[in-house]
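Trainee: I'm new to this one. Could you show me how to read a few of its features?

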Amino acid sequence: MFQYFIILCIYLVFYVICGYATTDILRLLKGSNTNLWESNCFCPICNHKISFFKQIPILSYLIFHGKCSKCGSKIPKIELFTECFIFISLSVLSTLLHFSWYSYFLSFFLYEVIKLFFVLFYGIRETAVIKNLLFSFVYNLVLWFFVVIPFFLYHIV
């Protein structure tokens, strides 16, 4: 029974990561350094800081009808697609590989590949993009260090 709770926790962590991914990609597209310690999300149109409870991935997009609460602008559907795609990809990969350590490392790799795809496909290729991608990668290593906790618990139970 406890193992199912841990699996649920892993899915929940992936759910949070998919929301962070959108913020990470937006910051990279704007050409700013991604700062893991600055966890605030923002409206891509007016740059309004989104409150903590409105940052719930996918669900908040549906509750607020894909609009910013400050300016009322529609948040691009590509962001909802990105969040859903990352969540489903990480969840299916880990489930198919039975939450093995291999699935943990592949999930991190897949996350970075998806992020790189969106940045290169939709982004402006500036000279600082490589430096910003490296900063983002390092910060994501720290983030994924916390993801290891539920995987570790899954293996010791």
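Trainee: How many aromatic pairs does the structure hold?

Mentor: First, a word on the source: this is a predicted model, where local features need pLDDT of at least 70, side-chain atom pairs count only at pLDDT 80 or more, and totals for chains, interfaces and linings use all residues. Residues are numbered from 1 along each chain as its sequence is written, and side-chain values use heavy atoms, leaving out hydrogens and water.

Mentor: A pair of aromatic rings is described by the distance of the centres and the angle of the planes. Rings of Phe, Tyr and Trp (its six-membered ring) pair if their centres lie within 6.5 Å; planes under 30 degrees apart count as stacked, over 60 as edge-to-face and the rest as tilted. The structure holds 20 such pairs. Take Phe99 and Tyr154: their centres are 5.3 Å apart with 55° between the planes, a tilted pair.

Trainee: Where in the chain do Phe99 and Tyr154 sit?

Mentor: Phe99 is in the loop between helix H3 (77–96) and H4, and Tyr154 is in helix H5, 55 residues apart. Helices here are DSSP runs (H or I, at least four residues), numbered from the N terminus.

Trainee: Are Phe99 and Tyr154 buried or exposed?

Mentor: Both are buried, meaning under 20% relative accessible area, with exposed over 50% and partly exposed in between (1.4 Å probe, protein chains only).

Trainee: How many disulfides does a search of the whole structure find?

Mentor: The search finds 0; a disulfide is a pair of cysteine sulfur atoms within 2.5 Å. Cys46 is in none, and the nearest cysteine sulfur, that of Cys71, is 3.7 Å away. Cys46 counts as partly exposed, at 33% relative accessibility.

Note on methods
Helices (H or I, at least four residues) and strands (E, at least two) are DSSP runs, numbered from the N terminus.
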